[in-house]
Amino acid sequence: MLELISHLAESSGPVIHIAPGEVLKSGNLVITNSMLYGWACAFVICVTLLVVRFMVRIKPRRGIIQFIEAGTEMIMGVINNALGSREKAVKYTPYFVTIFFFVLLNNWFGLLPGVGGAVTRGETPLFRPFTADLNGTLAMAVVTMVLVQTFAIKESGILKHIRHYFNGSLKNPTTYLFGGLEVFTEFTRVISLALRLFLNVVIGEVIISVFGFLGKAAAPVTALPFVMLEMFVGLLQAYIFVMLSVTYLAVAIHHDDEHDAETEAPETVPEAPKRKRVLKQKVGTA
Amino acid sequence: MYFAEISGNIEILGKGLMMGLGMIGPGIGIGLVGNAFINAVGRNPEAAKFLGQALVLIGIIELLALLVFASLFII
């Protein structure tokens, strides 16, 4: 029985690629199919968003602009909830909305027919989803975490930002131990962001190809539910990517000292009318 | 004299065991998150706005299950 199973599994199984294939190669410069499709998708996304940018009116319109506006509003709400003020949300929205739509549309364009084994150049498929390549998602994660650190340093100054990791008395050796651990955590965050997106997309591809293979002639029927599941997973992963990076930003720019500043701030506002009253009294007595 | 003898490709047996045993933990973890979320919404319907946080927690746990799946192609 086991021999039969292993024989079945080894004979012409579904086409599964975990690593991207090389399409063009000249010397050390290799262009993989993921890079090719990533450039194409990036071009399409840039053109779409630029067109939408000129369609923005106060009166709402139908069409793709509604989709883009809804996504922007959602991400802005997430940042507003995490950072606690609308000013900061407006300040940090552009990058996070960009990365949200880049991840989302790359995930969805990866499910289009023609991506994968259908169009091949030699042995390797010509197109492969950009997010199904660990290099691509690692690049996104590195850029995101570097920007998070930059935002945090801009927000609170470099010394205060370092003290955010090494908080506590500097004479205490455990400060350095836990500080080093915190710094190490930042690097694991890069890896986990990249791996989560990559594995979700690439395993979705594997599942779709396995169920397409099992269905034989009925492949469209058996693979369709998993394509729909992958559409949902693509949206969910784009949301989770942004949500996690916003959370990391919120953790990085939050300091305990800010509590005092926040509690002091509302007290100064009601004092303003008192001064006016004093001025009026002075005017009245004069 | 052996009580039982396994012949054939042991690698596939190992992969199957790895998938089956490795998915138990993440399955329980995602179930606990979903249980906590549904309980919270049942007690306090206002808590439904924390769906995003619940999904993020599920995403964190899901990574472990995906790592198990990805190990299939490495070993």
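## A tour of the A–B contact and the core

Start with both chains on screen. Chain A and chain B bury about 1700 Å² between them, and carbon and sulfur atoms give 81% of that area. Keep in mind that this is a predicted model.

**Stop 1: the contact.** Select the residues where the two chains touch. Chain A puts in 21 residues and chain B puts in 18 residues. Now look for charged pairs across the contact. There are zero salt bridges between chain A and chain B. How many residue pairs are in polar contact between chain A and chain B? The count is one, with both residues at pLDDT 80 or more.

**Stop 2: the chain A side.** Select helix H1 (2-10), H7 and H8 of chain A. Each supplies at least two residues of the side that touches chain B. H7(A) has the largest share of that side, eight residues. Colour this side of chain A by residue type: 14 residues are nonpolar, four are polar and three are charged.

**Stop 3: the core.** Next, go to the largest nonpolar core, which has 56 residues. Select A:Phe96, A:Phe100, A:Leu199 and A:Leu249, the residues with the most contacts inside this core. From chain A, they are helices H2 (33-55), H3 (64-83), H4 (86-109), H5 (134-156), H7 (173-215) and H8 (219-253). H8(A) gives the most, with 14 residues.

**Stop 4: A:Leu249.** Zoom in on A:Leu249. Which residues is A:Leu249 in contact with, leaving aside neighbours within four places in sequence? Select A:Leu83, A:Tyr92, A:Phe96, A:Val148, A:Phe151 and A:Ala152 to see them.

Methods: Residues are numbered from 1 along each chain as its sequence is written. Chains are lettered from A and ligands numbered from 1 in the order in which they are written. This is a predicted model: local features need pLDDT of at least 70, side-chain atom pairs count only at pLDDT 80 or more; totals for chains, interfaces and linings use all residues. Side-chain values use heavy atoms; hydrogens and water are left out. A nonpolar core is a set of buried Ala, Val, Leu, Ile, Met, Phe, Trp, Tyr and Cys residues joined through side-chain atoms within 4.5 Å. Buried means under 20% relative accessible area, exposed over 50%, partly exposed in between (1.4 Å probe, protein chains only). Helices (H or I, at least four residues) and strands (E, at least two) are DSSP runs, numbered from the N terminus. Contact means heavy atoms within 4.5 Å. Buried area is the accessible area (1.4 Å probe) that two parts lose on being put together, summed over both. A salt bridge is a side-chain nitrogen of Lys or Arg within 4 Å of a carboxyl oxygen of Asp or Glu. A polar contact is a pair of N or O atoms within 3.5 Å; within protein, one must be able to donate a hydrogen and the other to accept it, and residues adjacent in sequence count only if both atoms are side-chain atoms. Ala, Val, Leu, Ile, Met, Phe, Trp, Tyr, Cys and Pro count as nonpolar, Asp, Glu, Lys and Arg as charged, and the others, Gly among them, as polar.
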